[in-house]
Amino acid sequence: MKYSKILVLTLISLLLASCMEYDMSYPRIPAEFTEFSVAEAEDVVIDPSAMTVNIILKESADLANVRIDSLKLNDKAFFKDGAMPSVLDLRKPYEVTLSMYQDYLWTIKAEQPVERY
């Protein structure tokens with residue numbers, strides 16, 4: 001009788017232990033661009049809260065062949081799908097996933113204002 005009580009208590013404690021959740025989360029440190037420059041750009045605006053890089057290109061620039069001169073990410077961040085291409089087609093927004101504990105989808109888009117006379 002004594003051993004059956006010990007066995008029942010052991011089984012109950014194992015059952016309760018298996019129901020516990022591991023609720024410790026990874027730190028919330030966003031992966032982001034800290035520097036981004038392209039050839040033929042008049043201005044580049046990095047918006048970490050919207051996770052966008054907005055590029056204002058010169059009128060003479062080719063939207064289909066935007067060459068990246070340099071870019072930097074914050075410490076320990078990396079491109080999830082490998083390296084970033086050195087030339088982008090920005091006729092439509094380009095999406096890239098940066099990772100650091102979690103994934104962050106960034107959008108790179110370009111505008112090309114044309115002055116009309």
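This report covers the fold, the nonpolar core and the salt bridges of one predicted model.

Residues are numbered from 1 along each chain as its sequence is written. In this predicted model, local features need pLDDT of at least 70, side-chain atom pairs count only at pLDDT 80 or more, and totals for chains, interfaces and linings use all residues; side-chain values use heavy atoms, without hydrogens and water.

The protein chain has 1 helix and 8 strands. Helices (H or I, at least four residues) and strands (E, at least two) are DSSP runs, numbered from the N terminus. The order from the N terminus is α-β-β-β-β-β-β-β-β. Of the 117 residues, 25% are buried (under 20% relative accessible area; exposed is over 50%, partly exposed in between; 1.4 Å probe, protein chains only).

The largest nonpolar core has 23 residues. Such a core is a set of buried Ala, Val, Leu, Ile, Met, Phe, Trp, Tyr and Cys residues joined through side-chain atoms within 4.5 Å. Phe-33, Phe-36, Ile-55, Met-84 and Ile-108 have the most contacts inside this core. Strand S8 supplies its largest share, 4 residues.

The structure holds 4 salt bridges (a side-chain nitrogen of Lys or Arg within 4 Å of a carboxyl oxygen of Asp or Glu). Three of them are among those listed here.

| Pair | Closest N to O |
|---|---|
| Lys-80 and Asp-103 | 2.5 Å |
| Arg-91 and Asp-89 | 2.6 Å |

Lys-80 and Asp-103 lie 23 residues apart. Lys-80 is in the loop between S5 and S6, Asp-103 in S8. Arg-91 is exposed at 62%, while Asp-89 is partly exposed at 35%.
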